[in-house]
Amino acid sequence: EPGSPADEAGLERGDIVLVIAQREIEGVEDVFAAVRAARVGDTVEVMVVRNGVERTFDVLLGSDAITQ
């Protein structure tokens, strides 16, 4: 999503996430667990495959809270 922490870090739609904060990712549950283990404001390393090439990004975690 434009303006999201992932977007700001350079992640793109279609990237295949392999590792978040040194945790192997095998499914969506692993993504949620890795992100929940960190705190808002932490920077986590995210390794992805894009077009067959592994790339690593530092992602500053933001809040997923929705204000009404």
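User: In what sense do β1 and β3 pair, and over how many bridges?
Analyst: In this predicted model, strand β1 (residues 16-20) pairs with β3 in the antiparallel sense, over four bridges. The bridge partner of I16 in β3 is V49.

User: Which strand pairs with β3 over eight bridges?
Analyst: That is strand β4 (residues 53-60), and the pairing is antiparallel. V44 stands opposite V59 in β4. The two strands, β3 and β4, form a hairpin with two residues between them, and N51 in the turn has a positive phi of about 55 degrees.

User: What is the order of the strands in the sheet?
Analyst: The sheet is open and has four strands in the order β2-β1-β3-β4, with antiparallel pairing. Because β2 (23-24) and β4 each have a single partner strand, they stand at the edges, and one side of each is left without a neighbour in the sheet. β2 pairs with β1 over two bridges, and R23 in β2 stands opposite I20.

User: Back to β3: which residues are on its covered face, and which on its uncovered one?
Analyst: The covered face of β3 (residues 43-50) has V44, V46, V48 and R50, while T43, E45, M47 and V49 are on the uncovered face. In a regular strand, side chains alternate between the two faces of the sheet.

User: Which residues make up the largest nonpolar core?
Analyst: There are 11: L11, I20, I25, A34, A38, V44, V46, V48, F57, V59 and L61. β3 and β4 are the elements that give two or more residues to this core, and the largest share, three residues, comes from β3.

User: What is F57 in contact with, leaving aside its neighbours within four places in sequence?
Analyst: F57 is in contact with A9, G10, L11, V44, E45, V46, V48 and R50.

User: Changing topic, how much space lies in the largest pocket?
Analyst: About 1,100 Å³. The pocket is lined by 27 residues, of which P5, A6, V31, V35 and L61 are the closest to its centre.

User: Which elements each supply at least two residues of that lining?
Analyst: They are α1 (5-9), β1, α2 (28-36) and β3. The largest share, four residues, comes from α2.

User: And how does the lining of the largest pocket divide by class?
Analyst: The lining has 15 nonpolar, four polar and eight charged residues.

Technical notes:
Residues numbered from 1 in each chain as written. Predicted model: local features only at pLDDT ≥ 70, side-chain atom pairs only at ≥ 80, totals over all residues. Heavy atoms only, no water. Buried < 20%, exposed > 50% of the residue type's maximum accessible area, 1.4 Å probe, protein only. Pairing = 2+ DSSP bridges. 1 Å grid on protein atoms, 1.4 Å probe; cavity = no way out; pocket = protein on both sides within 12 Å on 5 of 7 lines; lining within 4 Å. Points joined across faces, edges and corners; volume = space filled by probe spheres on them. Nonpolar A, V, L, I, M, F, W, Y, C, P; charged D, E, K, R; others polar. Core = buried A, V, L, I, M, F, W, Y, C linked by side-chain atoms within 4.5 Å. Contact = heavy atoms within 4.5 Å.
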